[in-house]
Amino acid sequence: MAELDLGELLAIGERAAFHGPPGRAVQALEQAVGLARDTGRSAEATAAAWLLGLSLNAAGRYGHALEVLNPLLAGGEEAAAPPEVRLFAALAGATLGSVHRQLGIHETAREMDGRGLALTEGTGEPAFACRLGLAADAVGLGDSASAHSEADTAATLLPERPTEWWRQRVHYDWVRTEIGLLDDDAEGAVDTADSAVERAERARAPRHVAKSLLFLGVAQVQLGMPEGAGSLRRAATLAEGLGALPLVWPARALLGALLMDSDEVEGAASLGAARTAVLSIAGNLPADLRTTWLSRPDLAALLEG
């Protein structure tokens, strides 16, 4: 890989980030960042850095993701930052929002999404990502009205052709599913999660399929559908194969809790896998965030058995 040029490194990294194990993208993107910076190609350097941060986030390496993304966002906020740097800084803000949401720090996530949005002109992919992030932040804060408002605004930024922006449309379905669950509309949540699964499968994006199946399983369980366990099991198995720890732990934790009365052996094994994933994520966090992460009530209960 050391002899590949910048374009090849970026292509390898992008392919792995969206269509393969996210951890596989890291080496190529680290090389791409270094090569782009060494040759004074700021646009390619920021693009590679954002993809690197996104891949680290998807793998559950949150501490390393923050180290990459925080300077990227701050650089875009400088008065002299060129447009391409501002664009990827805005995307970095949205990805930082995702990192903090997954850690359960929703106020900080909202701040990051807001900072990213301020770097946009209110249109295009970065604005969509930040608006949708703000909707997800509102779900985490239990603010249904704001979640609906931000999601509706994000929807106006989607291209008219349904074949465009597959990834953004999957993300939109995820947030609509979360809003449905918040509003106790489990039937609507099942429908939007089903849509996400279909879109992700058409795009051949396994990590997006796994997360969509996780949302589908949660919605099915909330609706009392027996298919819920199967969806969670598929989500967990696929996420484990990809090394996507942020999906492994909730899928395994929910499946384990669901099975403890009917299949204690599989239930206990699944809960054990969830604990392992949680602790692996903790190992990549700075001390203060590690304490915050492990102190979450749901994770504390999981780790205490």
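The following dialogue asks how some of the descriptions used for this structure are reached.

User: What kind of model is this, and how are its residues numbered?
Analyst: This is a predicted model, in which local features need pLDDT of at least 70 and side-chain atom pairs count only at pLDDT 80 or more, while totals for chains, interfaces and linings use all residues. Residues are numbered from 1 along each chain as its sequence is written, and side-chain values use heavy atoms, with hydrogens and water left out.

User: How do you know that the span of helix α3 agrees with its number of residues?
Analyst: Helices are DSSP runs of H or I with at least four residues, strands are runs of E with at least two, and both are numbered from the N terminus. The expected span of a helix is 1.5 Å times one less than its number of residues. For the 18 residues of α3 (residues 42-59) this gives 26 Å, and the end C-alpha atoms are 26 Å apart, so the two values agree.

User: What makes α3 mostly covered, and what follows this helix?
Analyst: A residue is buried under 20% relative accessible area, exposed over 50% and partly exposed in between, with a 1.4 Å probe and protein chains only. In α3, 15 of the 18 residues are buried. The helix is followed by Gly60, which has a positive phi near 85 degrees.

User: Why are α2 and α3 called roughly antiparallel?
Analyst: Axes are lines fitted to C-alpha atoms, for helices over the stretch in contact, and the angles run from 0 to 180 degrees between N-to-C directions. Angles under 35 degrees count as roughly parallel, over 145 as roughly antiparallel, 65 to 115 as roughly perpendicular, and the rest as oblique. The axes of α2 (residues 23-38) and α3 cross at roughly 155 degrees and come within 8 Å, and the two helices are therefore roughly antiparallel to each other. The contact, meaning heavy atoms within 4.5 Å, is made by residues including Leu29 and Val33 of α2 and Leu52 and Leu56 of α3.

User: What makes Asp113 and Arg101 a salt bridge, and which parts does the pair tie together?
Analyst: A salt bridge is a side-chain nitrogen of Lys or Arg within 4 Å of a carboxyl oxygen of Asp or Glu. The closest N and O atoms of Asp113 and Arg101 are 3.0 Å apart, and the pair therefore meets the rule. Asp113 lies in helix α6 (residues 106-118) and Arg101 in helix α5 (residues 83-103), so the bridge ties together parts that are twelve residues apart in sequence. At 0% relative accessibility, Asp113 counts as buried.

User: How many salt bridges does this rule give, and which residues are joined into one network?
Analyst: The count comes to 14 salt bridges. One of them pairs Arg161 with Glu164, the closest N and O atoms being 3.9 Å apart. Salt bridges that share partners join Arg101, Asp113 and Asp137 into one network.

User: Is Arg176 called buried or exposed, and what is its salt-bridge partner?
Analyst: Arg176 is at 17% relative accessibility and therefore counts as buried. Its partner is Asp152, with the closest N and O atoms 2.2 Å apart. Arg176 lies in helix α9 (residues 166-182) and Asp152 in helix α8 (residues 144-155), so the pair ties together parts that are 24 residues apart in sequence. Asp152, at 39%, counts as partly exposed.
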